[in-house]
Amino acid sequence: MRRLIAPILGVLACGLPAAAQSNVLLIVADDVGVDMIGAYAEHPDPANTPSIDALAADGLLFRNCWSNPVCSTTRATILTGRYSFRTGIGRGIAPNGTDELAESETTLAELFSPTHETWALGKWHLSADTAPMTSPQTSGFDHHWGTPSNIHFPEGDSYFNYGKNIDGSVIQNTTYATTDTVDDAIALVNQASGPWFMYLAFNSAHAPWHAPPSELHSYDLPPNVNNDLPNTVRAMVEAMDNEQGRLIAAIPQPVLDDTLIVFVGDNGTSREGTITPFNPDHAKGTVYEGAVNVPL
């Protein structure tokens, strides 16, 4: 991952003249491997991903993008350009743990901040999620609107009812999380007064498993989605893709023409969403390609 994402954005942040006033939209998908993306054609049954496929068709598709096998480690690497043994983020950060991305780390947000508005939206998961939740701001972002870490299904939260951080204050929110993240992104783009860097980290397709709003997916899911987890995960990915498409469509054309869009997965697909010819025993959390070869 360090060999791809960090140099691509680092060059822009450090003053490439042609891009000095350009916007950058960095989209991170959660637990979405190459098997889920139609453009890769590596699985006979990917999710429906026309928006992501269109980005690949109009841009560059990397087949050898390597991540860490879990999320916090990759997110720290993306934002700092440094391996996890250097950042100290070597595992998923516990909700009430003491592991945090150190303020001494230089992030993409800090590199962009002299010339750009900097926004972190959606899942953070680089600090303990106890209020006041200010880690995104101490890491260089002007705003963080989204979940402090995962949506905590053991505590009863869901994509339809979860704790949302708004610049340090955590409130309970009931807008479908994938939709809410895009609503926030559109609002910020519309009010931007200059160039911007947006780190948009979807919660999807991480657990808790659920049926997204029916208008966002095309799958016939059972009443109990646990009876068909592979298609449930695909429905969650399709919902994310649809909302990503809504965001891109909402960006005014002159702004979009001046915006670099990067889409990447934080690690491979979960065991629950993996079906043959991919191997569930080689999925997220392992060191096999199903966990560490991700879309970019």
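User: How many salt bridges does a search of the whole structure find?

Analyst: The search of the whole structure finds twelve salt bridges. The model is a predicted one. As a general idea, side chains of opposite charge can pair when their charged atoms come close. One case is Asp-31, which forms a salt bridge with Lys-284, with 3.0 Å between the closest N and O atoms. This pair links distant parts of the chain, 253 residues apart. Asp-31 is in the loop between strand S1 (23-29) and helix H2 (50-58), and Lys-284 is in the loop between strand S7 (259-265) and helix H10 (289-292).

User: Is Asp-31 buried or exposed, and what does Lys-284 count as?

Analyst: Asp-31 has 2% relative accessibility and therefore counts as buried. Lys-284 has 26% relative accessibility, so this residue counts as partly exposed.

User: Which residue does Arg-82 meet in a salt bridge?

Analyst: The side chain of Arg-82 meets that of Glu-105, at 2.8 Å from N to O. The two residues lie 23 residues apart, in distant parts of the chain. Arg-82 belongs to the loop between helix H3 (71-80) and helix H4 (84-87), while Glu-105 belongs to the loop between H4 and helix H5 (108-112). Arg-82 counts as partly exposed because its relative accessibility is 31%. Glu-105 is buried, with a relative accessible area of 7%.

User: Where do Asp-281 and Arg-271 lie in the chain?

Analyst: Asp-281 and Arg-271 are both in the loop between S7 and H10, ten residues apart. Their side chains meet in a salt bridge at 2.4 Å, N to O. At 44% relative accessibility, Asp-281 is classed as partly exposed; Arg-271, with a relative accessible area of 48%, is partly exposed. Salt bridges that share partners also join Asp-30, Arg-75, Lys-123 and Asp-266 into one network.

User: Which residues is Ser-270 in contact with, leaving aside its neighbours within four places in sequence?

Analyst: Ser-270 is found in the loop between S7 and H10. Leaving aside neighbours within four places in sequence, Ser-270 is in contact with Asp-31, Trp-209, Val-233, Ala-283 and Lys-284. Two of these contacts, Asp-31 and Lys-284, form a salt bridge with each other. Ser-270 counts as buried because its relative accessibility is 4%.

User: How many cavities of 30 Å³ or more does the structure hold, and which residues line the largest cavity?

Analyst: Rolling a probe the size of a water molecule over the atoms shows where empty space is left. The structure holds one cavity of 30 Å³ or more. The largest cavity has a volume of about 40 Å³. Its lining consists of Gly-122, Gly-146, Thr-147, Tyr-162, Lys-164, Ala-177, Asp-180, Thr-181 and Asn-203.

User: Which element gives the most to the lining of the largest cavity, and how do the residues of the lining divide?

Analyst: H7 gives the most to the lining of the largest cavity, with three residues. Strand S4 (162-166) and helix H7 (177-191) each supply at least two residues. The lining residues divide into two nonpolar, five polar and two charged.

Definitions and conventions:
Residues are numbered from 1 along each chain as its sequence is written. This is a predicted model: local features need pLDDT of at least 70, side-chain atom pairs count only at pLDDT 80 or more; totals for chains, interfaces and linings use all residues. Side-chain values use heavy atoms; hydrogens and water are left out. On a 1 Å grid over the protein atoms alone, a cavity is a set of points where a 1.4 Å probe fits but cannot get out, and a pocket is an open set with protein on both sides within 12 Å along at least five of seven lines; lining residues have an atom within 4 Å of a point. Grid points are joined across faces, edges and corners, and a volume is the space filled by probe spheres set on the points. Helices (H or I, at least four residues) and strands (E, at least two) are DSSP runs, numbered from the N terminus. Ala, Val, Leu, Ile, Met, Phe, Trp, Tyr, Cys and Pro count as nonpolar, Asp, Glu, Lys and Arg as charged, and the others, Gly among them, as polar. A salt bridge is a side-chain nitrogen of Lys or Arg within 4 Å of a carboxyl oxygen of Asp or Glu. Buried means under 20% relative accessible area, exposed over 50%, partly exposed in between (1.4 Å probe, protein chains only). Contact means heavy atoms within 4.5 Å.
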